Every structure is written in structure tokens, then in C-alpha cells.
Amino acid sequence: TTFVRSVDLDEWTQRQVDAMRVGGNGTAQAYLRKHGFTDFHGKSEKKYKSKAAQSYRAELAKLVDAQAAQRGEGTPQQGNNNDHTNNLLANLELADQQQGDALA
């Protein structure tokens, strides 16, 4: 299940904003390529459940935690931060699907 979060209509936590700022399509694709994943036109499920994607989620969570620490915030519970990075990857998956539909 994926969803789209509106910049104008939805509320964002600072961690979600940080995840979008340091993550995103370009960053995710570069990371996946660097870690050996090259099948960007295949099934989205394969891409987002790959070992490279799991590693990206962990790295993104660390970057988001670092941004929060710079603001003087404590580290959230593990599951909470993973939800934010999983949501980011779900949004990236949806964007890929929409791009594929537009090209078809």
C-alpha cells in the first residue's frame, strides 16, 4: 500500500521533512546503483524490497537522526523512525509507478 502526502494539505513532522530533503528519487537511485541494483524498470516490489533498499532505509534513518541531533532532539523510538523512511520509499515507489504509467 502506498500513499501520497501533500505539501499543502498534510502536516509533516520535521523528521519527515528531513527524510525528503536528504532522501528522494535521485539520492535513492544513486545509492541503489552504488550498491549493485540496476533494474529500475522492473517490478517496483523487487526494487523496494532489495537488500540495497533495506540498506538505504537504514542509512537514511541515520541521516535523519543526525539532522534531529543537530537540532538538539533526542532519537525517536526505532519503529517510529523506520516508519518515516518506509513512507519515503513508498512515496518513491508510487512516483516510479506513475512515471511508468505516463510512459505507457
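The model is a predicted one, in which local features need pLDDT of at least 70 and side-chain atom pairs count only at pLDDT 80 or more, whereas totals for chains, interfaces and linings use all residues. Residues are numbered from 1 along each chain as its sequence is written, and side-chain values use heavy atoms, with hydrogens and water left out.

The mean pLDDT, the predictor's confidence in each residue on a scale from 0 to 100, is 77 for the protein, and 68% of the residues score at least 70. Confidence is highest in helix H4 (residues 51-70), at a mean of 91, and lowest in helix H5 (residues 78-103), at 56.

The protein contains five helices and zero strands, helices being DSSP runs of H or I with at least four residues and strands being runs of E with at least two, numbered from the N terminus. Its pattern along the sequence is accordingly written α-α-α-α-α. Of the 104 residues in the protein, 34% are buried. If contact is taken as heavy atoms within 4.5 Å, then 68% of the contacts between residues at least 6 apart in sequence join residues at least 24 apart. The exposed surface comes to about 6,800 Å², 49% of which is supplied by carbon and sulfur atoms; accessible areas come from the Shrake-Rupley method with a 1.4 Å probe, and for residues only the protein chains shown count as cover.

Buried residues in H4 are Ala52, Ala53, Tyr56, Arg57, Leu60, Ala61, Val64 and Ala68. Glycine 72, which follows H4, has a positive phi near 85 degrees.

The largest core has six residues, namely Ala19, Ala28, Tyr31, Tyr56, Leu60 and Val64. Helix H2 (25-34) and H4 each give two or more residues to this core, and H4 gives the most, with three. A second, separate core has five residues, among them Leu32, Phe37, Phe40 and Ala52.

Tyrosine 31 sits in helix H2 and counts as buried because its relative accessible area is 16%. Beyond its neighbours within four places in sequence, tyrosine 31 is in contact with Ala52, Ser55, Tyr56 and Glu59; its C-alpha atom is 9.1 Å from that of serine 55, which is 24 residues away along the chain. Phenylalanine 37, in turn, lies in the loop between H2 and helix H3 (44-48), and with a relative accessible area of 9% it is buried. Outside four places in sequence, the contacts of phenylalanine 37 are Leu32, Lys46, Lys47, Ser50 and Ala52. Phenylalanine 37 and alanine 52 are separated by 15 residues in sequence and by 6.8 Å from C-alpha to C-alpha.

The charged side chains form five salt bridges, a salt bridge being a side-chain nitrogen of Lys or Arg within 4 Å of a carboxyl oxygen of Asp or Glu. In one of them, arginine 15 pairs with aspartate 65, with the closest N and O atoms 3.0 Å apart. Arginine 15 belongs to helix H1 (residues 14-22) and aspartate 65 to H4, so this pair ties together parts that are 50 residues apart in sequence. Arginine 15 is buried at 8%, whereas aspartate 65, at 21%, is partly exposed.

Another salt bridge links aspartate 18 and arginine 21, whose closest N and O atoms are 2.5 Å apart; these two residues are three apart in helix H1, which means that about one helical turn separates them. Aspartate 18 is buried, with a relative accessible area of 0%. Glutamate 73, with which this account began, meets arginine 71 in a salt bridge of 3.0 Å, N to O, and arginine 71 is partly exposed at 36%. Through shared partners, salt bridges join Asp18, Arg21, Arg71 and Glu73 into one network.

Conventions: A nonpolar core is a set of buried Ala, Val, Leu, Ile, Met, Phe, Trp, Tyr and Cys residues joined through side-chain atoms within 4.5 Å. Buried means under 20% relative accessible area, exposed over 50%, partly exposed in between (1.4 Å probe, protein chains only).
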